[in-house]
Amino acid sequence: MSGPLPDDQDLTHAAMAGDRKAFGQLVARHQASIRALARRLSRSASDGDDIAQAAFLSAWRRRSTWRGGSFRGWVCAIAYREFLATRKGQAFEAGDDDQPGAAGETGERLDLMRAMAGLDESERAAVALCIGSGLSHAEAALAMEAPLGSVKSWVLRGRAKLQKALAAYQSA
Amino acid sequence: MSKQPPEWPEEPGDDGLERMFAAEESAIRDNGFTARVLEKANSGMSFRRTIIYGAGMAGFGAALAGIMEMAPHLPKLTGWWPGVSSALQTSAAPDVSSPAFMIVAALAVGLGFLGLAVAAQER
């Protein structure tokens, strides 16, 4: 027997009330998105996955602090803070295994990784949160604890730089 | 240089970037990630609770035991607060044999444990 899949809002309410099964469904549903964000921030697949795991665990342990809103947006903000906290303890220098292309990326995925690596840290974070993860500028500003205007500016500049870099890769 | 697939847009615009990010995300497979998160969520919680509440109770117990042990030496209730106040005022060079000072110290230890427990719980 299988009914319609529960929507995120129902699952989130259940998970925040302590329902482990609902939390598991949310993790399964959003793991790719959160891992992608964390990988973009850290520029490393392995560090990114560690950050994503820490973010989900932190979300579960601090579920009493959830104040509504989308689960994904909330965990994205936690992942960004986990990234900052992890970065304090170590410099994210991409190792041999984490260089663009090392994991078999080709074509536009490889170009995107290289273009993202060329952004400033704030631009990369804002682009990853807004364009990559689909957060609104306001949500990203909350997550980054930065002024809304700055976030808009970082996204605009980051987008322009990405477009320029990708166009250059295309014409090369 | 990398070869682009035929769907590559002439000028990567909004749709191009978002599509590329989405393609990158869709390439990420679970590969046991969810199971690992749930396993840690299940095991970490009980362990953490045991440690945190155990430490909190130990701190509270230590503070309480200190007070109980000093019961014969406790100042009279009527003069309790002035005793504490004077102990606090002379805290630059506290008289550790003073019951009032010991009460303040024991309570500080208990509150310290409680603060640590709350901070650890939130972390």
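Tutor: We will take the terms in turn and set each value against its cut-off. Keep in mind that this is a predicted model.

Student: What makes up the secondary structure of chain A?

Tutor: Chain A has eight helices and zero strands. Read from the N terminus on, its elements run α-α-α-α-α-α-α-α. Of its 172 residues, 44% count as buried.

Student: And what is there in chain B?

Tutor: Chain B has four helices and zero strands, in the order α-α-α-α from the N terminus on. Of the 123 residues of chain B, 13% count as buried.

Student: Why is Asp10(A) called exposed?

Tutor: Asp10(A) has 12 other C-beta atoms within 10 Å. A residue counts as exposed if that number is 12 or fewer. Asp10(A) is therefore exposed. Asp10(A) lies in helix H1 (residues 8-16) of chain A, and its C-alpha atom is separated by 8.7 Å from that of Ala22(A), twelve residues along the chain.

Student: Which residues of H1(A) and H2(A) meet?

Tutor: Leu11(A), Thr12(A), Ala14(A) and Ala15(A) in H1(A) meet Ala22(A), Phe23(A), Gln25(A) and Leu26(A) in H2(A). By class, the residues of this contact are six nonpolar, two polar and no charged.

Student: What makes H7(A) roughly perpendicular to H8(A)?

Tutor: The axes of helix H7 (residues 137-144) of chain A and helix H8 (residues 148-171) of chain A come within 9 Å and cross at roughly 110 degrees. The range for roughly perpendicular is 65 to 115 degrees. The angle falls in that range, so H7(A) is roughly perpendicular to H8(A). In this contact His137(A), Ala138(A), Ala140(A), Ala141(A) and Met144(A) in H7(A) meet Leu148(A), Val151(A), Lys152(A) and Val155(A) in H8(A). The residues divide into seven nonpolar, one polar and one charged.

Student: How do you know that helix H6 (residues 121-132) of chain A is mostly covered?

Tutor: Buried requires 20 or more other C-beta atoms within 10 Å. Ten of the twelve residues of H6(A) are buried, among them Val127(A), Leu129(A) and Ile131(A). On that count, H6(A) is mostly covered. Just after H6(A), Gly134(A) takes a positive phi of about 80 degrees.

Student: How many residues does each chain give to the contact between chains A and B?

Tutor: Chain B gives 29 residues and chain A gives 32 residues. Helix H1 (14-26) and helix H2 (33-69) of chain B each supply at least two residues of the side that touches chain A. The largest share of that side, nine residues, comes from H2(B).

Student: Which classes of residue are on that side of chain B?

Tutor: The side of chain B that touches chain A has 14 nonpolar, six polar and nine charged residues.

Terms used. Residues numbered from 1 in each chain as written. Chains lettered and ligands numbered in written order. Predicted model: local features only at pLDDT ≥ 70, side-chain atom pairs only at ≥ 80, totals over all residues. Contact = placed C-beta atoms within 7 Å. Nonpolar A, V, L, I, M, F, W, Y, C, P; charged D, E, K, R; others polar. Axes fitted to C-alpha atoms, helices over the stretch in contact; angles between N-to-C directions. Parallel < 35°, antiparallel > 145°, perpendicular 65-115°, else oblique.
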